[in-house]
Amino acid sequence: MSSSEADRNVSSFEPGAGRLKHRASSASSARSLSLDGDWMFRLAPSLREMSDGFENPDFDDSAWSVLRVPGSWQMAGLRDHEGNLLDHGQARFGRPAYTNQIYPFPIDPPHVPDANATGEYRRTFKMDRPEGAGWVLRFEGRKWSSTYPATPHP
(Lines give C-alpha, C1' and ligand atoms only; values in the text may rest on other atoms or scores of the structure.)
Protein backbone atom coordinates (compact mmCIF):
# COMPACT_ATOMS: atom_id res chain seq x y z
CA MET A 1 0.00 0.00 0.00
CA SER A 2 1.42 3.38 -0.94
CA SER A 3 1.99 6.03 1.71
CA SER A 4 -0.65 8.29 0.17
CA GLU A 5 -3.28 5.49 0.24
CA ALA A 6 -2.40 4.64 3.83
CA ASP A 7 -2.54 8.30 4.85
CA ARG A 8 -5.89 8.78 3.10
CA ASN A 9 -7.36 5.71 4.80
CA VAL A 10 -6.51 6.86 8.32
CA SER A 11 -6.22 10.65 8.17
CA SER A 12 -9.91 11.41 8.61
CA PHE A 13 -12.16 11.23 11.63
CA GLU A 14 -14.96 10.07 9.31
CA PRO A 15 -15.70 6.32 9.32
CA GLY A 16 -15.41 5.90 5.54
CA ALA A 17 -17.30 6.26 2.30
CA GLY A 18 -20.59 4.59 1.36
CA ARG A 19 -21.73 4.20 4.93
CA LEU A 20 -25.13 4.40 6.55
CA LYS A 21 -25.84 6.55 9.58
CA HIS A 22 -24.77 5.04 12.89
CA ARG A 23 -27.48 3.12 14.70
CA ALA A 24 -27.86 0.41 17.25
CA SER A 25 -28.35 -3.09 15.95
CA SER A 26 -31.83 -4.40 16.47
CA ALA A 27 -33.90 -7.44 15.69
CA SER A 28 -35.04 -7.42 12.08
CA SER A 29 -36.94 -9.59 9.66
CA ALA A 30 -34.48 -8.63 6.90
CA ARG A 31 -32.35 -11.40 5.45
CA SER A 32 -28.91 -11.75 6.94
CA LEU A 33 -25.78 -13.78 6.43
CA SER A 34 -23.39 -14.41 9.30
CA LEU A 35 -19.74 -13.97 8.38
CA ASP A 36 -18.53 -15.59 11.60
CA GLY A 37 -16.07 -18.38 10.93
CA ASP A 38 -12.68 -18.92 9.36
CA TRP A 39 -11.08 -15.97 7.58
CA MET A 40 -7.70 -15.70 5.89
CA PHE A 41 -5.47 -13.43 7.98
CA ARG A 42 -2.13 -11.69 7.69
CA LEU A 43 -0.55 -9.45 10.30
CA ALA A 44 1.28 -6.58 8.59
CA PRO A 45 4.00 -4.88 10.66
CA SER A 46 2.50 -1.48 9.82
CA LEU A 47 -0.20 0.17 7.76
CA ARG A 48 2.32 0.99 5.04
CA GLU A 49 3.35 -2.67 4.76
CA MET A 50 -0.09 -4.03 3.95
CA SER A 51 -0.41 -6.32 0.93
CA ASP A 52 -0.99 -4.43 -2.31
CA GLY A 53 -4.27 -5.46 -3.91
CA PHE A 54 -5.43 -7.80 -1.15
CA GLU A 55 -9.00 -6.63 -1.69
CA ASN A 56 -9.03 -8.03 -5.24
CA PRO A 57 -10.84 -11.37 -5.72
CA ASP A 58 -7.88 -12.97 -7.53
CA PHE A 59 -5.34 -12.06 -4.81
CA ASP A 60 -3.40 -15.15 -3.63
CA ASP A 61 -3.80 -15.42 0.14
CA SER A 62 -2.83 -19.11 0.31
CA ALA A 63 0.25 -18.35 2.45
CA TRP A 64 -1.84 -16.47 5.01
CA SER A 65 -3.01 -17.94 8.32
CA VAL A 66 -6.57 -19.01 9.04
CA LEU A 67 -8.15 -17.07 11.90
CA ARG A 68 -11.53 -17.61 13.54
CA VAL A 69 -13.76 -14.51 13.54
CA PRO A 70 -14.96 -13.12 15.84
CA GLY A 71 -11.85 -13.31 17.92
CA SER A 72 -8.60 -11.67 18.87
CA TRP A 73 -5.57 -12.21 16.66
CA GLN A 74 -3.24 -11.85 19.66
CA MET A 75 -5.07 -14.55 21.62
CA ALA A 76 -5.36 -16.86 18.60
CA GLY A 77 -1.65 -16.42 17.95
CA LEU A 78 -0.73 -17.80 21.36
CA ARG A 79 -1.42 -21.28 19.98
CA ASP A 80 0.06 -23.12 17.03
CA HIS A 81 -2.00 -24.44 14.10
CA GLU A 82 -2.82 -27.63 16.06
CA GLY A 83 -4.06 -25.68 19.10
CA ASN A 84 -1.03 -26.23 21.33
CA LEU A 85 0.04 -23.35 23.57
CA LEU A 86 3.27 -21.79 22.30
CA ASP A 87 6.26 -21.02 24.50
CA HIS A 88 6.58 -17.51 25.90
CA GLY A 89 7.87 -15.12 23.24
CA GLN A 90 6.78 -17.24 20.25
CA ALA A 91 3.32 -15.77 19.70
CA ARG A 92 2.42 -15.79 16.00
CA PHE A 93 0.57 -12.45 15.96
CA GLY A 94 2.14 -10.46 18.78
CA ARG A 95 1.11 -10.56 22.38
CA PRO A 96 -1.98 -9.00 23.97
CA ALA A 97 -1.15 -5.40 24.83
CA TYR A 98 -3.22 -4.02 27.66
CA THR A 99 -2.21 -1.04 29.73
CA ASN A 100 -3.69 0.83 32.64
CA GLN A 101 -0.97 3.45 32.44
CA ILE A 102 0.49 5.53 29.64
CA TYR A 103 -0.06 4.28 26.10
CA PRO A 104 3.11 2.85 24.54
CA PHE A 105 2.61 5.08 21.47
CA PRO A 106 1.75 8.75 20.92
CA ILE A 107 -1.94 9.65 20.94
CA ASP A 108 -2.39 11.95 17.94
CA PRO A 109 -5.75 11.17 16.28
CA PRO A 110 -6.38 10.55 13.49
CA HIS A 111 -2.69 9.86 12.78
CA VAL A 112 -1.67 6.25 13.32
CA PRO A 113 1.94 5.54 14.36
CA ASP A 114 4.06 3.87 11.67
CA ALA A 115 5.02 1.05 14.05
CA ASN A 116 1.45 -0.20 14.49
CA ALA A 117 0.61 -3.76 13.48
CA THR A 118 -2.35 -3.94 11.10
CA GLY A 119 -4.50 -7.03 10.52
CA GLU A 120 -5.60 -7.93 6.99
CA TYR A 121 -8.65 -10.18 6.74
CA ARG A 122 -10.13 -11.91 3.68
CA ARG A 123 -13.20 -14.07 3.28
CA THR A 124 -15.09 -15.16 0.21
CA PHE A 125 -18.81 -15.71 0.50
CA LYS A 126 -21.77 -16.07 -1.80
CA MET A 127 -25.14 -14.45 -1.48
CA ASP A 128 -28.19 -14.45 -3.64
CA ARG A 129 -29.30 -11.18 -5.20
CA PRO A 130 -33.02 -11.05 -5.89
CA GLU A 131 -33.97 -8.32 -8.35
CA GLY A 132 -33.99 -4.92 -6.69
CA ALA A 133 -32.72 -6.22 -3.34
CA GLY A 134 -29.92 -4.41 -1.58
CA TRP A 135 -27.47 -5.50 1.06
CA VAL A 136 -25.86 -3.76 4.00
CA LEU A 137 -22.47 -4.97 5.20
CA ARG A 138 -22.33 -4.46 8.96
CA PHE A 139 -19.29 -5.11 11.12
CA GLU A 140 -20.77 -5.34 14.59
CA GLY A 141 -18.35 -4.63 17.39
CA ARG A 142 -15.63 -3.27 15.11
CA LYS A 143 -14.35 0.16 15.99
CA TRP A 144 -12.85 0.79 12.58
CA SER A 145 -12.97 -0.97 9.26
CA SER A 146 -10.93 -0.20 6.20
CA THR A 147 -12.42 1.89 3.45
CA TYR A 148 -11.80 -0.80 0.85
CA PRO A 149 -15.02 -1.73 -0.93
CA ALA A 150 -16.44 -5.20 -0.87
CA THR A 151 -15.63 -6.63 -4.29
CA PRO A 152 -18.46 -8.52 -5.97
CA HIS A 153 -17.50 -11.30 -8.34
CA PRO A 154 -19.36 -14.18 -9.94
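S51 sits in the loop that runs between strands β1 (37-44) and β2 (65-69). Strands here are DSSP runs of E with at least two residues, numbered from the N terminus. This is a predicted model, where local features need pLDDT of at least 70, side-chain atom pairs count only at pLDDT 80 or more, and totals for chains, interfaces and linings use all residues. Residues are numbered from 1 along each chain as its sequence is written, and side-chain values use heavy atoms, leaving out hydrogens and water.

Now for the sheet. It's an open one, built from three strands in the order β2-β1-β3 with antiparallel pairing; two strands pair if DSSP finds at least two bridges between them. β2 and β3 are the edge strands, as each pairs on one side only. Between β1 and β2 there are five bridges, and D38 stands opposite R68 in β2.

Over in strand β3 (residues 118-122) you'll find Y121. In space, Y121 and L43 are 8.9 Å apart, C-alpha to C-alpha, though 78 residues separate them in sequence.

How do the two residues compare on accessibility? Buried means under 20% relative accessible area, exposed over 50%, and partly exposed in between (1.4 Å probe, protein chains only).

| Residue | Relative accessibility | Class |
|---|---|---|
| S51 | 14% | buried |
| Y121 | 25% | partly exposed |

Last, the contacts, meaning heavy atoms within 4.5 Å. Leaving aside neighbours within four places in sequence, S51 touches R42, F59, W64 and E120. With residues up to four places away in sequence not counted, Y121 touches W39, M40, F41, F54, W64, L67, V69 and W73.

Conventions. Helices (H or I, at least four residues) and strands (E, at least two) are DSSP runs, numbered from the N terminus.
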